[in-house]
Amino acid sequence: MSDKLIIFDTTLRDGEQSPGASMTRDEKVLIAKGLERLGVDVIEAGFPVASQGDFDSVKAVADTVENSIVCGLARALVHDIDCAAEALKGASRRRIHTFLATSPIHMKMKLRMEPDQVVEQAVMAVKHALQYTDDVEFSPEDAGRSDFDFLCRVLEAVIDAGARTVNIPDTVGYNLPHQFGGLIKRLIEHVPNSDKAVFSVHCHNDLGVAVANSLSAVAHGARQVECTINGLGERAGNAALEEVVMAVRTRQDLFSCQVNIDTTQIVPCSRLVSGITGFAVQPNKAIVGANAFSHESGIHQDGVLKNRETYEIMRAEDVGWSANRMVLGKHSGRNAFRTRLKELGFEFDSEEAVNSAFVQFKALADKKHEIYDDDLMALVTDISITAENECVKLISLKVCSETGETPQAAVTLMFNGEEKKRESFGSGPVDATYKAIESIVASGVKLQIYSVNNITKGTDSQGEVSVRIEKENRVVNGQGADTDIVMASAKAYINAINKVLVPRDRAHPQV
Ligand code: KIV
Ligand code: ZN
């Protein structure tokens, strides 16, 4: 058995299936670059047949990524597979991931297919995908609730047909660790040609055990884990990449395999994903939560100061909790700006892009004298997430808020190419601003979540605002950062509105 554990990241596919986490093409490319810096082996870039937008995103990721394998998801249908192959054409290394449900309930109620038909279609799909690449993965969807003998039959048939990876999804997060590890062990023992394929797992977190299930599977022979940054994913999410990787790294005494991940990129990648999707990371989240390495109690602090191993099993710097160095200021030049961003893994596409970002950097440095790495990343994320969606653009904002007076906002927007100005009162400056914006765009959205966090320390920090809005059952998130939190709030709201105003007709892979 191989001693390499393949890390398959599906943030851009299953992660994007979280309500409100949908990403634009440019955002996906930005995250894909972050995943490549992290060193993930496979990036599942999306479900190309879902819509033209999804196709374009997978294509853009395939055309950009150089080292990781880029994977596209396809149902076990000829058209889906052809579409995935077309989107992946430009990738230096490509994989087609095709799937078909095998549990009794899915076959009967969703597919309305007999087991024999399922085997036949799965084999057809694998053979069809092999015309395009020799790297084909097959998933028996809802394997966690499938009949064991039937699962063995399907796996044997698809491996015979040429699937190099067989992925065992616990689609509804029903399994428990001892059971799931046992399932993987029994499958490897019972499927006669199991030595011809890598056994992979894909666990959902409905019972809070996705990471535990994945680790148990690895301990029992799985050699690929499908996971997402920050555990993003459908419903309660998928197994969190950072937790799987650090568990395998930290407990090498228990695992006979290694991961090829640059762990110092974990925190930057986590921030990139939360910044783009607006899914904040809870403070007590393992590895990437703000409290993960902080010690509150005096006894703990004392122990850590004497010898860090008394209370720490990992080093904060090993997972990328750098000191968030102050790097640039008002007098820093364009080269210093570009060089630091390059060190942080961000490269500009053109001189024009550097110039325009540099203008924004200077404006920020005028307001905030010390510019930290996190400020720089927020600035470029802000630029990237707004570049594509410019149906509504903020020109100016003026707010008046005074004790005893009703707050008032005056907003000027460029809306569908026309400049419009409106004023509005509200219960607070943010409410007044949102009402003024609404009186121009009339989007009719409902604000579900509004939150503001400081990006760095100090009262001069930029505030990062995340909003979640809903319109006709469609949920989207928006983000904005600024030293003025009312301005950041306006940016976040406009970012979300721009997403919701783009009509989207996309298929969900599993429905
Ligand atoms: O959860 C699941 O079963 C999936 C498959 C498409 C692999 O996401
Ligand atoms: Zn899934």
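This is a predicted model: local features need pLDDT of at least 70, side-chain atom pairs count only at pLDDT 80 or more; totals for chains, interfaces and linings use all residues.

Mentor: Residues are numbered from 1 along each chain as its sequence is written, chains are lettered from A and ligands numbered from 1 in the order in which they are written, and side-chain values use heavy atoms, without hydrogens and water.

Trainee: What is the volume of the largest cavity?
Mentor: A cavity is a set of points on a 1 Å grid over the protein atoms alone where a 1.4 Å probe fits but cannot get out. Points are joined across faces, edges and corners, and the volume is the space filled by probe spheres set on them. One cavity of 30 Å³ or more is present. The volume of the largest cavity is about 100 Å³.

Trainee: Which residues lining the largest cavity are closest to its centre?
Mentor: Lining residues have an atom within 4 Å of a grid point. There are 13 of them, and the closest to the centre are Arg13, Glu141, Pro169, His202 and Gln510.

Trainee: Which space does ligand 1 take?
Mentor: A molecule sits in a cavity if more than half of its atoms lie within 2 Å of the grid points. For ligand 1, that space is the largest cavity.

Trainee: Which side chain has an N or O atom 2.9 Å from an oxygen atom of ligand 1?
Mentor: A polar contact is a pair of N or O atoms within 3.5 Å. His202 places a polar side-chain atom 3.1 Å from a ligand 1 oxygen, and for Gln510 the distance is 3.5 Å. The side chain at 2.9 Å is that of Arg13.

Trainee: Which residues lie nearest the centre of the largest pocket?
Mentor: A pocket is an open set of points with protein on both sides within 12 Å along at least five of seven lines. The largest pocket holds about 1500 Å³ of space. Its lining has 45 residues, and nearest the centre are Val267, Arg271, Trp321, Asp374 and Ile455.

Methods: A polar contact is a pair of N or O atoms within 3.5 Å; within protein, one must be able to donate a hydrogen and the other to accept it, and residues adjacent in sequence count only if both atoms are side-chain atoms.
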